[in-house]
Amino acid sequence: MTTVKDSPILHLKDYGQSVWMDNLSRDLLVSGELVELIDSRDVHGITSNPAIFEKAIAGNEIYDQDIEAGVRAGQSVEQIYESLVFDDIRRACDVLKPIYESSNGLDGYVSLEVPPNLAHDADTTLAEARRYAAAIERPNLMIKIPGTPEGLKAVEQTIRDGINVNVTLLFSVQSYIDTAWAYIRGLEGRLADGHDISHLASVASFFLSRIDSKVDDALDQLAEADASKQEQIAGLKGQVAIANAKLAYQEYKKITQSDRWQALVAKGAKVQRLLWASTSTKNPAYSDVMYVDELIGPDTVNTLPPNTIEACADHCDVISRIEADVDQAQTVIETLPTVGLDLDQVMDELLAEGIDKFIKPFDKLMDSLVMKVKQLSPA
């Protein structure tokens, strides 16, 4: 890895933003690359998801010895999967533990998602969150739970239980607002139970590039259908995700200024930071660091895939922009209905698609593990 002297990525923290990496594999841990990324790229946390683990484990011989040991021990495929993933998560938590301690629990977290097929099952999501936390047993673990209505019920109780939560798959501003209040209710409940809340942490993972990809496609179709609106529609492309995120940040400010939140701060509560997710630019016509440059600001996290980390290390333009052009952001969102785009419907579709995009690789990984177990099983 090339070291970039005084790299832009090292200055995101100057504006109150932490860099986490959206990637995890045993190779990163064994090779020492994760330690190097912490040192050279200021990576202060890790997020994972079923797609990341499918990519990491399927076809990777580094896991074969542990899979074979699981086979010899008579473990099921599901037990083998968990043993592989839990071990990687524990190792990553241990590598990041010094950051967790030196930041007083602000950073240094590793996120692990509950099975994605539970997104609409509050009770089982809660049960799995509790089981994962007990099995991994690391203070800097975050359990990742989708921000569906059922998921938020589980989030509230998980926080009340004293388990750190990363609420994922947030697309609409309203979904963020609902998430923030679920966190607040969870903290209030924990206080009511007589427990300390000062060691709890949560992030709200607000997705970006998937919004622009879907909205841009819809805008193209609308432009084809109505030539008179083509110029207006062209001005909206690539604007919606960042505008949406800036409006969510304004809601974050309102909530953290509320009396209910301030009462929790007085008891030691940590703010639930907005985390920008889905930050790799899908459209080559757009800047490869647009979802970094435009959303730098206090009390935020940006979780970046490796390619975006390197792009940002090379040429991010680091200055706080999260509160720049908020009126323009509002105008962008308010203009969408006038050209025929229903953003609420798009957000609902994105949530459903997001869950599906995690279920499919999870199922694919389990299928690949079944094949590998057969290959490694004694004849």
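The model is predicted, so local features need pLDDT of at least 70 and side-chain atom pairs count only at pLDDT 80 or more, while totals for chains, interfaces and linings use all residues. Residues are numbered from 1 along each chain as its sequence is written, and side-chain values use heavy atoms, with hydrogens and water left out. Helices (H or I, at least four residues) and strands (E, at least two) are DSSP runs, numbered from the N terminus.

**Packing of α6 with α7**

- Helix α6 (residues 122-136) packs against helix α7 (residues 149-160) at an angle of about 40 degrees, and their axes are 8 Å apart. Axes are lines fitted to C-alpha atoms, for helices over the stretch in contact, and angles run from 0 to 180 degrees between N-to-C directions.
- This angle makes α6 oblique to α7. Angles under 35 degrees count as roughly parallel, over 145 as roughly antiparallel, 65 to 115 as roughly perpendicular and the rest as oblique.
- The two helices α6 and α7 cross in a right-handed sense. A crossing is right-handed if the near helix is turned clockwise from the far one by less than a right angle, and left-handed if anticlockwise.
- On α6 the contact (heavy atoms within 4.5 Å) is made by A122, T125, L126, A129 and R130, and on α7 by E150, K153, A154, Q157 and T158.
- By class, this contact of α6 with α7 has 4 nonpolar, 3 polar and 3 charged residues. Ala, Val, Leu, Ile, Met, Phe, Trp, Tyr, Cys and Pro count as nonpolar, Asp, Glu, Lys and Arg as charged, and the others, Gly among them, as polar.

**Packing of α5 with α6**

- Helices α5 and α6 pack at an angle of about 60 degrees, with axes 10 Å apart. That angle makes α5 oblique to α6.
- The crossing of α5 and α6 is right-handed.
- From α5, E82, F86, I89 and R90 meet E128, R131, Y132, A135 and I136 of α6. The residues of this contact of α5 with α6 comprise 5 nonpolar, no polar and 4 charged.

**Buried and exposed residues**

- In helix α4 (residues 64-72), the buried residues are D64, I67, G70 and V71; buried means under 20% relative accessible area, exposed over 50%, and partly exposed in between (1.4 Å probe, protein chains only).
- These residues cover an arc of only 120 degrees around the axis, which puts them on the same side of α4. The arc is that of the directions from the helix axis to the C-beta atoms.
- The face of α4 turned away from the buried side carries the exposed residues Q65 and R72.
- The cover over the buried residues of α4 includes α5 (77-102) and α16 (343-376).
- In α14, the buried residues are T308, I309, A311, C312 and A313. They pack against β1 (17-22), α2 (33-41), β2 (43-47), α13 and β8.
- K357 lies in helix α16 and counts as partly exposed, at 44% relative accessibility. The C-alpha atoms of K357 and A51 are separated by 7.7 Å, although the residues are 306 apart along the chain.

**Positive phi values**

- Most residues other than glycine have a negative phi.
- D299 has a positive phi, near 60 degrees, and is located in the loop between α13 (290-293) and β8 (300-304). D299 is partly exposed, with a relative accessible area of 33%.
- D325 also has a positive phi, near 55 degrees, and sits in the loop between α14 (306-315) and α15 (326-335).
- G74, which follows α4, has a positive phi near 75 degrees.
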